[in-house]
Amino acid sequence: MECLGTPNFAAMVVSTSAPWRSRRGRMRPENVCISHREYCHLPSVRLRASAGSESCVAVNEGFADKEDYIKGGGSELFFVQMQQNKEMDEQSKLADKLPQISVEDGELDLVVIGCGPAGLALAAESANLGLSVGLVGPDLPFTNNYGVWEDEFKDLGLGRCIEHVWRDTIVYLDEGDPILIGRAYGRVSRHLLHEELLRRCVESGVSYLSSKVERIVEASSGHSLVVCERDIVIPCRLATVASGAASGKLLQYEVGGPRVSVQTAYGVEVEVENNPYDPSLMVFMDYRDHIKQKVQSLEGQYPTFLYAMPMSPTKVFFEETCLASKDAMPFDILKKKLMSRLETMGIRIIKTYEEEWSYIPVGGSLPNTEQKNLAFGAAASMVHPATGYSVVRSLSEAPKYASVIANILKRSHSKDIFTRGSGTGNISMQAWNTLWPQERKRQRSFFLFGLALILELDIEGIRTFFHTFFRLPNCEDVAGISGIDTVFS
């Protein structure tokens with residue numbers, strides 16, 4: 001389940017180590033690319049882009065560094081590619097709906113790199129404010145399943161994109177009484193969300209080029225040149241990278257920040273017999289031990305929970321989720337744990353409709369907010385370091401961020417500020433400070449610090465933690481107003 005609303009309280013361990021190290025123990029300078037022979041046993045490390053994951057950076061020369069490689073899929077890259085390359089025939093092709101970017105038309109105001117929810121939303125909002133906007137990225141569909149709090153999505157005007165709603169969400173921590181959160185949860189239709197965001201792009205006049213982006217070059221005028229495949233160069237006044245977490249080739253990130261961790265989940269949508277879950281309740285977490293034995297193996301080192309969406313009494317989406325780990329929990333282990341759990345519960349799978357491999361980098365460094373190129377979505381480290389949520393924040397902040405960018409460009413249009421050496425940086429910093437003001441940076445640091453504890457907890461410690469949290473006196477009020485947003489969104 002993608003990061004709109006998956007209940008993943010993944011945490012980042014605050015690392016005090018400076019440069020990154022490979023598992024082979026050798027130091028590497030940050031500007032050296034990583035070859036697939038050294039870091040990957042997969043047949044290929046060429047990463048096709050996915051609108052669902054917002055990743056569209058050309059990788060013919062490898063990732064920017066090891067952290068970028070981890071963000072892009074790391075040891076689980078093969079499965080990440082499988083998820084990204086799913087066929088979603090019902091979703092429209094961008095190229096069929098949007099006019100093609102023509103370099104002969106002159107310079108664009110803004111180029112948005114990345115065609116995921118964040119990229120499409122920002123492009124549409126910016127063009128709606130009168131900017132000439134080009135969208136660049138491979139023409140691929142949204143492939144991840146999205147879960148969301150119903151009230152949040154309705155507030156965004158996207159309620160019609162929800163295909164199924166559960167009146168409440170339930171948590172099982174042990175054999176004691178389950179906990180009802182008191183908040184409705186919805187499953188988002190990938191098709192409807194994609195079509196709605198695409199419709200907004202069409203109506204606002206966004207143009208499009210299906211291509212990966214190789215680099216962004218600053219021209220002598222102070223403007224940007226977006227260099228794409230086949231030597232296509234798109235001139236623009238500003239470029240914003242919304243190409244997913246693995247965008248280190250296009251963006252600078254703070255040096256010496258916390259190490260990135262990974263949240264992984266393996267899911268199946270299936271037809272079953274003997275489903276024990278109430279179809280009116282979404283299973284937010286099931287941490288119960290159904291096997292009743294100590295596991296002295298790799299599987300036992302990773303506490304996981306079951307996340308379940310009963311679409312009907314017999315059709316269910318089950319997902320085995322690892323909160324977060326310093327090294328990604330392998331999908332094959334997650335699948336083994338899920339199948340063992342279902343078998344022990346007496347649930348028999350009759351038919352499998354779809355498999356899902358969810359890979360979400362959490363934590364890590366913030367972008368360098370003094371650079372000219374802007375960022376949005378996961379590329380801007382907007383994924384919540386404690387939960388894996390990202391898309392709701394991106395969709396909700398796109399209008400404000402687009403407004404700031406539009407005001408900057410309109411003010412500078414007649415002043416030729418871009419040709420002044422320091423002016424460009426100051427202009428970009430206004431947008432960066434809107435996305436990452438000091439208060440939000442401090443809040444993120446708090447999440448990293450607090451959730452580092454959860455990363456170290458064993459299964460009993462995690463159960464104790466959530467027993468305490470969910471049984472707070474004002475838990476229902478928290479779930480409905482602000483506190484739950486601090487922890488869950």
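**View 1. Strands β3 and β7 run antiparallel, side by side.** In this predicted model, β3 pairs with strand β7 (residues 185-188) in the antiparallel sense, and four bridges link them. Strands here are DSSP runs of E, at least two residues long, while helices are runs of H or I with at least four, all numbered from the N terminus. Two strands count as paired if DSSP finds at least two bridges between them. Look for Trp149: its bridge partner in β7 is Tyr185.

A word on the model: it is predicted, so local features need pLDDT of at least 70 and side-chain atom pairs count only at pLDDT 80 or more, whereas totals for chains, interfaces and linings use all residues. Residues are numbered from 1 along each chain as its sequence is written, and side-chain values use heavy atoms, with hydrogens and water left out.

**View 2. Glu269 has salt bridges to Arg187 and to Lys315.** A salt bridge here is a side-chain nitrogen of Lys or Arg within 4 Å of a carboxyl oxygen of Asp or Glu. The side chains of Glu269 and Arg187 meet at 2.7 Å, N to O. Glu269 sits in strand β12 (residues 260-273) and Arg187 in strand β7, so this pair ties together parts 82 residues apart in sequence. Buried or exposed? Glu269 is buried, at a relative accessible area of 8%, and Arg187 is buried too, at 3%. (Buried means under 20% relative accessible area, exposed over 50%, and partly exposed in between, with a 1.4 Å probe and protein chains only.) Lys315 meets Glu269 at 3.5 Å, N to O. Lys315 belongs to strand β15 (residues 315-325) and Glu269 to β12, so here the tie is between parts 46 residues apart. Lys315 itself is partly exposed, with a relative accessible area of 28%.

**View 3. Strand β15 pairs with β12 and with β14.** β12 and β15 run antiparallel and share nine bridges. Across that pairing, Thr264 stands opposite Cys322 in β15. Strand β14 (residues 304-310) is also antiparallel to β15, joined to it by seven bridges; here Leu306 has Glu320 in β15 as its bridge partner. With four residues between them, β14 and β15 form a hairpin. Ten of the eleven residues of β15 are buried, so the strand is largely enclosed by the rest of the structure.

**View 4. Arg160 belongs to a salt-bridge network.** Arg393 counts as buried at 18% relative accessibility, as does Glu397 at 15%. Elsewhere, shared partners join Arg160, Glu196, Arg199, Arg200 and Glu203 into one network of salt bridges. Where is Arg160? Arg160 is in the loop between α6 (150-155) and β4, and is exposed, with a relative accessible area of 54%. Setting aside neighbours within four places in sequence, Arg160 is in contact (heavy atoms within 4.5 Å) with Leu192, Glu196 and Arg199. The C-alpha atoms of Arg160 and Leu192 are separated by 7.9 Å, though the two are 32 residues apart along the chain.

**View 5. The largest nonpolar core holds 71 residues.** Such a core is a set of buried Ala, Val, Leu, Ile, Met, Phe, Trp, Tyr and Cys residues joined through side-chain atoms within 4.5 Å. Leu135, Phe153, Val226, Ile234 and Phe376 have the most contacts inside the largest one. Helix α9 (residues 391-413) gives the most to this core: eleven residues. Not counting residues up to four places away in sequence, Ile234 touches several residues, including Ile101, Leu108, Val136 and Cys228.
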